[in-house]
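Hi,

Here is the structure I promised to pass on. Have a look at it first, and then read my notes below.

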Amino acid sequence: GPLVGLILVCLFLNLYINLVTDSFFVFHQWHALSREEQAKYYELARKERQLHMQLYPGWSARDNYAGNQQGKKKKRKRDKQPGETNEHREYFPNPCLSLPPI
């Protein structure tokens, strides 16, 4: 029912806020490192990239995206049933819009 949708919306909003907060924290932690400390991680990334190239020659990130649509299902548009409306939106507005700021 509508309560399940409300719960899902709030859960996804909470996940998004946590992601943004974590990204902000990591960004500032990274920039707090000295150039020498950052260089260690760049070197690790370079070694991982070389290993990946050896294990998967010819692989490209494009393989995961455009042009590789085979096997994926297309989303069908659902037809409304007779008498079905969007009335519930009026009675159950998006609660997350009225949440207090964090």
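Before the notes, one term: two rings of Phe, Tyr or Trp (for Trp, its six-membered ring) count as a pair if their centres lie within 6.5 Å. Keep in mind that this is a predicted model.

With that in hand, which residues do ring pairs link into a cluster? They are W30, Y41 and Y42. Two aromatic pairs are found in the structure. W30 has a relative accessible area of 26%, so it is partly exposed. Y41 is partly exposed too, because its relative accessibility is 47%.

W30 also pairs with Y42, again edge-to-face: here the centres are 5.6 Å apart and the planes make an angle of 80°. Because W30 lies in helix α1 and Y42 in helix α2, this pair ties together parts that are twelve residues apart in sequence. Is Y42 buried or exposed? Its relative accessibility is 53%, so Y42 counts as exposed.

Now for the surface. L3, V4, I7, L8, L11, F12 and L15 make a nonpolar patch of about 700 Å². One of these residues, L15, is in helix α1, which covers residues 2–32. L15 counts as exposed because its relative accessibility is 51%, and exposed means over 50%.

Cheers

Methods. Residues numbered from 1 in each chain as written. Predicted model: local features only at pLDDT ≥ 70, side-chain atom pairs only at ≥ 80, totals over all residues. Heavy atoms only, no water. Patch = residues over 30% accessible without salt bridge, like charges linked within 9 Å, V, L, I, M, F, W, Y side chains within 5 Å. Areas by Shrake-Rupley, 256 points an atom, 1.4 Å probe, with all protein chains shown as cover. Salt bridge = Lys/Arg side-chain N within 4 Å of Asp/Glu carboxyl O. Helix = DSSP H or I, 4+ residues; strand = E, 2+ residues; numbered from the N terminus. Buried < 20%, exposed > 50% of the residue type's maximum accessible area, 1.4 Å probe, protein only. Phe/Tyr/Trp six-rings, centres within 6.5 Å; stacked < 30°, edge-to-face > 60°.
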